[in-house]
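Here's a quick look at charged pairs and a surface patch in this one. Have the sequence and the structure open as you read.

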Amino acid sequence: MRTFRSKVLTLTILVVLVSQLATVGSVLITARDASRVRAEQQLIGGGGTFKRLVHNRGQLLTQTVRTLASDFAFKEAVATGDTSTLASVLENHSRRANADLAVLADADGNLIVSTGGATNSSPELSVLIETNDEPSSKRSAMIINNQGYEMLTVPVLSPLPVAWVSMGFLIDNSLAKQMSELAGLETTFIATTEDGLKLIGSSLPREERALLVNAALSFANAGGDHDVAVQNLRKEYLSTREDFVTGPVTVFAILQKSMGDAMAFYESLRTALIQMATLTMLCAVVCAVMLSRTVTRPVRDLLQAARRMRVGNYSKKLKFSSRDEFGELANAFNDMQRSISEREQRISYQATHDGLTGLPNRLQAMDLLRKTLLKCARIEQPMTLLIMHLQRYREIESSLGHEIGDEVLLQSAKRMRDSLKEKDVLARLEGDQFLVVLPGADRDAGLTTAETLARLLDSGLTIQNINVTLDACIGMCVYPEHGRQPDELLRRAAVAKNDAQQSQKNVHVYQNGREARHVRQLAILGDMRRAATDNEWELHYQPKISLNDGSVSGAEALLRWNHPELGQIPPAEFVPLAENAGNVGMLTEWVLRNSIAQARNWQEAGLELAVAVNLSGRDLLNDKLPYLIMQILRDNELDARSMIFEITEEALVQDIDHAIMVLKYLRDMGAKISMDDFGTGYSSLSQLQLLPVDELKIDRAFITDLPDSEANTAIVRSVIELAHNLGLELVAEGVETVAALDWLREHGCERAQGFYISKPMPAHKLKNWVDKWIDSGNKADDSLVFLPRRPIKTP
């Protein structure tokens, strides 16, 4: 991963490099273009010089040949045909003119005498004579023995042409070098022959001529009307073509300017610039390194500080002596580090402690419990665990307000903390529950401490001149007797606390095996919602008969649960759990929907029965209950008069005024209200007078021993008389003998239900039972009578 320092260093070097490249590049491009333009200008100037040299050379050589042709002695020798004299004169003049070849022919073109190896049989010579049939000078070219010659031919006049004299000058490397020195350009002569183009002379070095031939010949074929750059393996040339001699054999020159020579200044300039740029880059690198160190050192220090903060180390501060932006940033970073440290300490404290009491919370309590347990296990000491519940705290908070409730918790925590040893752990688990861990305390010592705490809390508190009592209950378990794991001990102490609540004792020690019941209860609570959707629940109906004529007057809906794993769960087990957990409303709604639908089905089948459904105390606190029942009745098109809602005296204790209001709604709809288990609760006669009830159900506890128990007969007789005086009807439940049934009939009880009549049964069996009951003359027979049992009635 690239660091910030490397990025700064790279960026600095890159900026300098780009600027250097731009500067050097622009200078070099300009110098190169200027050098090339200068080379082209030199090529053009050299070409002009070459043309002038060719023109002057032609005039000079023509004048030399004419001087020979006009010599009187030479003419006389031509006239007399003295070949020896002609040869001598021709030789002398050729030598003086530096001619490489001299030819004298008669007027018909026959060779008279020659120098340089020319003969009459030379085809080039005949062509030369044929081309000079006019009495004037002529400049042409010849190839003799693979060598090129520049031929100057003039007539020997006397006064008419009597002969032709021609001097040839060799076109070779020497001439090319001379022309090159004069024109300032490399010169190459190429002749056009019947066999094609032929290089006959060049000023180029020998090793470069062969490499240049193909390019030069291609350039010659191009017509010579433009400049081209001809390259070989070593050099680059800028070239142009100029004619040297024209005629049947044309000789032209390729004039070349070496780009290496032209670019010499450019090359030296480039070398100097590259050296200067390299030196500048080295200086820039040194400066960039120093700059990057200066800039990135504070950043690196900040990064290291941030990494320390990431792992929770806030102790080391940044120290900067500079007063620039980095110094200010370091100071701000130190302030931020200090703020984060303080905030994390607060967060850590809040995450592990109760905000109200300052005691460790559940999270911290579990950690302290584990540490204490490990220590006790290591030194083989016992340990006692207490879970404390302030039972009246919710009531105090709801009636006196949160401020009083908070003060109750604060004073309770202080009392407990003051009574415990310094090594003991006190934590607030939730709401009104506290955890006490007593390291080194065995069963007896733990029980003594628990009873002491219970007395302290039950002695009462004074808050804002208000005396309150808390009614604390404590669950206790001991290590290692009741478990060896923290979660296990905490769970079993909670089970003991629940047992203390149910037994109404201040302190309860865990009993082995009680946890399994607690786990079973949790499983039952967890599966309730699934049971409603998976058809695990089922309604059984227990018939009610009228004691006047024996007819079936109704049936009570009783809930049953066939759990796929736990089997049949008694209603007495799961209904109280649902009430305590606040799930009883779900059970009630399920029972209402299914019982009302079943009542409608029976009506359609011709069976008119009033269906009784039990309502709990929590149901009577639900304002929406009447609307729910009304909606279900409307959905099933059932009259409310087909429903009886049974309530218990205990259900009215929580909020009797609200319960009366809900019951009045139900009664106004047309439903009947029945007081169930009458005689076992807390209702007074004055309350009974206010309740909107239509009938009383005498509890089975008073019916079982009728008529043998004098006390029960007296109580039931009084209840019957009281109900009739209040205009209420009576239902006796738990009728299990014919004697009890007859006694009830004789003393004016209107209806009865019980195992003597029928046990609860599924809905699909009730219709057949009613038919058999009618066929039997509304009397119980052996097929209808069941062994006495005590069924449990539930919502």
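## R530 and E536

R530 and E536 pair up through their side chains in a salt bridge, 2.8 Å from N to O (that is, a Lys or Arg side-chain nitrogen within 4 Å of a carboxyl oxygen of Asp or Glu). E536 is buried at 10% relative accessibility, while R530 is partly exposed at 30%. Here buried means under 20% relative accessible area, exposed means over 50%, and partly exposed is in between (1.4 Å probe, protein chains only).

Shared partners also link K544, E556, E646, K697 and E733 into one salt-bridge network. The structure has 30 salt bridges.

## About the model

This is a predicted model, where local features need pLDDT of at least 70, side-chain atom pairs count only at pLDDT 80 or more, and totals for chains, interfaces and linings use all residues. Residues are numbered from 1 along each chain as its sequence is written, and side-chain values use heavy atoms, leaving out hydrogens and water.

## Helix α1

Helix α1 covers residues 4–69 (helices are DSSP runs of H or I, at least four residues, numbered from the N terminus). R36 and E40 form a salt bridge at 3.8 Å, N to O. They sit four residues apart in helix α1, so about one helical turn separates them. R36 is partly exposed at 31%, and so is E40 at 32%.

L17 is in helix α1 too, and it is partly exposed at 33% relative accessible area.

## Another pair

E395 and R392 meet in a salt bridge at 3.5 Å, N to O. E395 is partly exposed at 47%, and R392 is partly exposed at 27%.

Note on methods. Helix = DSSP H or I, 4+ residues; strand = E, 2+ residues; numbered from the N terminus.
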